[in-house]
Amino acid sequence: PPVAAAACGARIGDLGIVSYKGRTVAAVYADVGPRVKIGEISRRAAIELGIPESPTRGGVSSGVEYVVF
C-alpha cells in the first residue's frame, strides 16, 4: 500500500528480493497496490517461489518476506 511504501522509503524502480520457504527471487518495486492490500507480486515471481499464481485464487496468507534496497 502507498502508506507502507512511504513509511519505509520505498520508491518505484527500487531493487529488492522476495523470499518464501527457502526460495528467493530478485524483484523490482514496479507499482503501488491498493490501499488495503499488501504483498502483491508478479505471477512469474509467484511461480519461482512456489506460490499459487492465480490472480483470483492464488497467493498465500503469510510467510513471504520482502526486502527493498
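**Fold and hairpin of a predicted protein chain**

Colleague: How many helices and strands does the protein chain have, and which pattern do they follow along the sequence?

Modeller: In this predicted model, the protein chain holds two helices and three strands. Read along the sequence, these elements give the pattern α-β-β-α-β.

Colleague: What is the radius of gyration of the protein chain, and how does it relate to the globule rule?

Modeller: For 69 residues the globule rule gives 11 Å, and the computed value is close to that, so the protein chain is as compact as a globular protein of that length. The C-alpha trace spans about 30 × 25 × 20 Å along its principal axes. The radius of gyration is 12 Å.

Colleague: What share of the contacts with a separation of 6 or more joins residues 24 or more positions apart?

Modeller: Contacts here are heavy atoms within 4.5 Å. Among those in the protein chain with a separation of 6 or more, residues 24 or more positions apart account for 53%.

Colleague: Which residue of strand 2 is the bridge partner of V18?

Modeller: Strand 1 (residues 15-20) and strand 2 (residues 23-28) run antiparallel and are joined by six bridges. Within this pairing, the strand 2 partner of V18 is V25.

Colleague: Which residue takes a positive phi in the hairpin of strand 1 and strand 2?

Modeller: Two residues lie between the strands of this hairpin. The positive phi, near 45°, belongs to K21.

Definitions and conventions: Residues numbered from 1 in each chain as written. Predicted model: local features only at pLDDT ≥ 70, side-chain atom pairs only at ≥ 80, totals over all residues. Heavy atoms only, no water. Helix = DSSP H or I, 4+ residues; strand = E, 2+ residues; numbered from the N terminus. Rg over C-alpha atoms; globule rule 2.2 N^0.38 Å. Pairing = 2+ DSSP bridges.
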